[in-house]
Amino acid sequence: MLPATMVPGGLSETKSATPEVQHIVDQVKAEFERRENRTFDIFQAIVYRAQVVAGINYFIKVQISDSYTGYAHLRVFEALPQKKQGPSLVSYQTGKTRDDPLDYF
């Protein structure tokens, strides 16, 4: 059963990151660093939105540095549990600020 705030195909409201969301972020950090060709000392999930599809798309705002534009928006797909796959980094946007809205991309 889906939470009342989640409509299949639609994005949930923006929520504060949970330990579970941080765990998802931790699992895709290496892929993000590989794509960016650098490492990050800070990789902290701030807020997230979710979209139920054939699994869940997570849109997660992550702090990656102390600068004003030190945030990235990650789109991470987590397959249904029976698929036995970890989360995968689908796409991301860098140069974001703490105040930028977290929207579908």
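Arg35 is partly exposed in this predicted model, at 36% relative accessibility. Arg35 forms a salt bridge with Glu31, with the closest N and O atoms 2.8 Å apart. Through salt bridges that share partners, Glu31, Arg34 and Arg35 belong to one network. The salt bridges in the model number five.

- Glu31 and Arg35 lie four residues apart in helix H1, so about one helical turn separates them.
- The side chain of Glu31 also meets that of Arg34 in a salt bridge, at 2.7 Å from N to O.
- Glu31 and Arg34 are three residues apart in helix H1, which again puts about one helical turn between them.
- Glu31 has a relative accessible area of 26% and is therefore partly exposed.
- Arg34 counts as exposed because its relative accessibility is 57%, above the 50% cut-off.

**The Lys29 and Glu33 pair**
- The side chains of Lys29 and Glu33 form a salt bridge, with 3.6 Å from N to O.
- Both residues are in helix H1, four residues apart, or about one turn of the helix.
- Lys29 is partly exposed, with a relative accessibility of 23%.
- Glu33 counts as buried because its relative accessibility is 16%, under the 20% cut-off.

- Thr39 sits in the loop between helix H1 (19-36) and strand S2 (44-53).
- With a relative accessible area of 65%, Thr39 is exposed.
- From C-alpha to C-alpha, Thr39 and Gly9 are 33 Å apart in space, and they are 30 residues apart in sequence.

Methods. Residues numbered from 1 in each chain as written. Predicted model: local features only at pLDDT ≥ 70, side-chain atom pairs only at ≥ 80, totals over all residues. Heavy atoms only, no water. Helix = DSSP H or I, 4+ residues; strand = E, 2+ residues; numbered from the N terminus. Buried < 20%, exposed > 50% of the residue type's maximum accessible area, 1.4 Å probe, protein only. Salt bridge = Lys/Arg side-chain N within 4 Å of Asp/Glu carboxyl O.
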